[in-house]
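Today I am opening my notebook on a new structure.

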Amino acid sequence: MEEKKWWQKSVVYQIYPRSYSDSNGDGIGDLKGITARLPYIAELGADVIWLSPVYASPNDDNGYDISDYRAIMPEFGTMEDFDELLKRAHELGLKIMMDLVVNHTSDEHNWFKEAKKSKDNPYRDYYIWRDPRPGMKGGEPGAEPNNWGSCFGGSVWKYDETTGQYFMHLFSPRQPDLNWDNPKVRDEVFDMMTWWLKKGVDGFRMDVISLISKPAGLPDGVPGETGYASWADCATGPHLHEYLREMNDRVLSKFDVITVGECPGVSMEEARNYANLEGSELNMIFQFDHMGCDYADGVGRYGLTVMNLQNLKEAMNKWETGLEGYAWNSLYWNNHDQPRCVSRFGNDSKEYRELSAKMLGTCLHLMKGTPYVYQGEEIGMTNCPWNSLDEINDIESSNNVRQNIEKGIIRKEDALEVMRRQSRDNARTPMQWDDSENAGFTTGKPWLRINPDYVTVNAKDAVAREDSVYNYYKKLIALRKKSDLIVYGKFELLYPDSKEVFAYTRTLDDKKLFVACNFTDHDVDIAVPDECKNGSLLIGNYPDGNASGKLRPYEAVAISLD
Ligand code: ISL
Ligand code: CA
C-alpha cells in the first residue's frame with residue numbers, strides 16, 4: 001500500500017483569472033473578483049485552487065508570458081489583493097497552487113531585455129541563442145538553426161538583427177525559452193519559488209515542465225505535414241530529471257506542497273520517474289494522450305475533430321494501469337487550453353447537456369488519481385458558437401488555423417467550425433454566474449465574448465437547483481472524501497471494445513465499485529459483473545437511478561459492493 005498523502009485525496013479547482021469574476025467593471029476578471037467567489041468554491045468541496053498565471057505580463061499569451069515573476073499583473077490587482085486572497089482562501093480551508101511558467105519568460109522580462117543587448121551581456125546565456133545555418137544569411141528562409149516548429153505555428157527560431165543570432169521560442173516569439181543548462185537560471189527560478197512558498201502558497205502547477213531540458217545539439221527532427229518537426233519531440237531532454245531532483249532538493253522538499261507538472265509528449269516510463277512514489281520529483285503530472293482522442297487523421301488538433309470513445313478509453317486505461325504502483329495520476333477532462341468536455345465528449349444539446357455533464361463527471365471522478373475541475377465545468381458550461389474568426393483572441397488556435405489553411409491542411413470554409421470544436425477560447429469565455437447582463441461576470445464590456453447560453457447555464461441556477469450539475473459534482477467530490485476505495489482502489493477497464501460504454505471497476509481489499517457510463521444518446525445493454533449484482537447504487541445521474549440491465553442515454557451508474 002502506498003503511503004497516503006493529502007493531495008491524493010484532494011480535488012483541485014482551476015481558475016483562469018481573466019475570465020472568472022470582474023470586481024471593478026473593466027471587463028477583465030481580477031483577484032478581488034476571485035476572493036469574492038471563494039465561498040462558492042469551498043461549498044463545492046474543492047480543496048485546492050490552481051490559479052492560472054497572475055504575474056506581470058504583456059499578455060501575448062494571456063499571462064503565460066511573464067515579465068516579472070514577483071509582481072502581480074496590474075489588471076488583476078496588487079500584491080495586497082493577492083495576500084488577501086491567500087488569507088481568505090486559507091481561512092476557508094482552500095489551498096492555493098500557483099502556475100509556474102519557467103520554460104520561457106516574456107520578451108519583456110528584464111533578463112531578456114538584457115540578453116538581447118549583446119553577445120557578451122551577463123544575461124545572454126539565460127536564453128538559447130544559435131547562429132544561422134552554416135553558409136546561410138540570418139533571417140533568410142531556411143537559415144533557422146534547426147527545423148523545429150512552434151506550438152503556436154511557424155519555426156521555433158526568431159532572428160535577432162542586433163546580434164546576428166537566433167533565439168529559441170517553443171511558443172510565441174514573445175516567449176523566449178530559458179536556458180536551464182545555465183546554473184544561474186536554475187538559481188533564479190529556485191529562489192523565486194522559495195519566495196512564493198515563504199509567502200504561504202501551497203504548491204505549483206508547472207507549465208510545460210517536460211520541455212525545459214533541450215536535447216543535446218538541438219538536432220533536426222522528422223518533419224510533419226506543416227514542414228516542421230514537432231515542438232513536443234523535445235520532451236524529457238537529457239537533464240530533465242536531474243533538474244527536477246535539484247528543484248525538489250533545494251525547494252520543494254522544504255515545504256508541504258502539491259505539485260503537478262504539465263508534460264506534453266511524455267512517455268509512460270518517464271512519467272513513472274516524474275511522479276515517482278518516493279517523491280523525489282513531482283507529485284503528479286498531466287499527460288495529454290486522451291486530449292488527442294478526437295484529433296482529425298493526419299491533421300492533428302486544428303482540423304475537423306471527431307470524438308472516438310475507444311481512443312479515449314484506451315488513453316485513460318493506459319495511464320490508470322501504467323502508473324499503478326509506480327506513480328500518482330492526475331485526472332482531467334478540461335483546462336484553459338481545451339474545448340469544453342460536455343461539447344467534446346458529451347452532448348451539449350438542451351436535452352442532454354446536464355445528463356452528459358454528470359455522466360462525464362462520474363466517469364472521471366471515480367477513477368484513480370487527483371481530479372481537476374476547470375471553472376464552469378461544475379455547471380456544465382459548453383463550447384461557444386463563435387460567429388466569426390475575429391471573435392477569437394487565442395494565439396494558438398488563430399495561428400494554427402491560419403497556418404493550416406495556408407498549407408492546404410484544412411479548408412477555409414471549415415475554419416469557423418474548427419474553432420467551435422477546438423479553440424482554446426471555448427474554455428476562456430467568462431464564467432457564467434447568473435442570468436443578468438454579461439452573465440454577472442462584469443458590469444463593463446467583457447474582454448472575450450460571453451457564451452449566449454448563460455441565460456440557462458449559470459451558477460446561480462445551478463447552486464439553487466437540487467438536480468443541477470453543480471450539486472451532482474458536489475456529491476461526487478464528497479464521495480471521494482469518504483472513500484479510500486475511490487482514492488486508492490485499483491482500476492480495471494471493462495468491455496474495452498465497446499464503442500458506447502466506458503465501464504470499469506475499482507478494487508480495494510474486499511471492496512469493489514462498478515462504474516458504467518453510456519457515452520451515446522440511445523439505450524445500450526450492459527452486463528453488470530456477477531460479483532456486483534447485489535451491490536447498491538452509490539451514485540447515478542437519473543432521478544430514479546438504478547441499473548436495470550440497460551443504460552439509458554448518457555446514463556452513468558456506480559454500484560458498490562461493501
Ligand atoms: O494542448 C495543447 C496542444 O494543442 C496545447 O494547448 C498545450 O497544452 C500547450 O500549448 C502547453 O500549454 C501551456 O503552455 C503554453 C500556454 O499557452 C498554455 O496556456 C499552457 O497551459 C505556453 O506557456
Ligand atoms: Ca477587473
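Which protein donors does the calcium ion (ligand 2) have? Before answering, I remind myself that this is a predicted model.

**Entry 1: the calcium ion.** I looked up the donors and found Asp22 (OD), Asn24 (OD1), Asp26 (OD), Ile28 (O) and Asp30 (OD). They lie 2.2 to 2.3 Å from the calcium ion. Along the chain, I can write the spacing of these donors as D-x1-N-x1-D-x1-I-x1-D.

Entry 2: Is Asn24 buried or exposed? I count Asn24 as exposed, because its relative accessible area is 52% and the cut-off for exposed is over 50%. Asp30 has a relative accessible area of 3%, and buried means under 20%, so I note Asp30 as buried.

**Entry 3: around ligand 1.** Next I turned to ligand 1, which has 19 residues around it. Of these, Asp61, His104, Asp207, His336 and Asp337 come nearest. I sorted the shell by type and got six nonpolar, four polar and nine charged residues.

**Entry 4: oxygen atoms of ligand 1.** Here I checked distances to polar side-chain atoms. An N or O atom in the side chain of Arg205 is 3.0 Å from a ligand 1 oxygen. For the side chain of Gln338, I noted 3.1 Å from an N or O atom to an oxygen atom of ligand 1. Arg301 has a polar side-chain atom 3.2 Å from an oxygen atom of ligand 1. Ligand 1 exposes 500 Å² when taken alone, and the protein buries 95% of that.

**Entry 5: the pocket.** Last, I looked up where ligand 1 sits: the space it takes is the largest pocket.

Conventions
Residues are numbered from 1 along each chain as its sequence is written. Chains are lettered from A and ligands numbered from 1 in the order in which they are written. This is a predicted model: local features need pLDDT of at least 70, side-chain atom pairs count only at pLDDT 80 or more; totals for chains, interfaces and linings use all residues. Side-chain values use heavy atoms; hydrogens and water are left out. A residue is near a molecule or strand if one of its heavy atoms lies within 4 Å of it. A polar contact is a pair of N or O atoms within 3.5 Å; within protein, one must be able to donate a hydrogen and the other to accept it, and residues adjacent in sequence count only if both atoms are side-chain atoms. Accessible areas come from the Shrake-Rupley method with a 1.4 Å probe; for residues, only the protein chains shown count as cover. On a 1 Å grid over the protein atoms alone, a cavity is a set of points where a 1.4 Å probe fits but cannot get out, and a pocket is an open set with protein on both sides within 12 Å along at least five of seven lines; lining residues have an atom within 4 Å of a point. A molecule sits in a cavity or pocket if more than half of its atoms lie within 2 Å of its grid points. Ala, Val, Leu, Ile, Met, Phe, Trp, Tyr, Cys and Pro count as nonpolar, Asp, Glu, Lys and Arg as charged, and the others, Gly among them, as polar. Donors are N, O and S atoms within 2.8 Å of the metal (3.2 Å for Na, K and Ca); water is not among the atoms, so sites may look incomplete. Buried means under 20% relative accessible area, exposed over 50%, partly exposed in between (1.4 Å probe, protein chains only).
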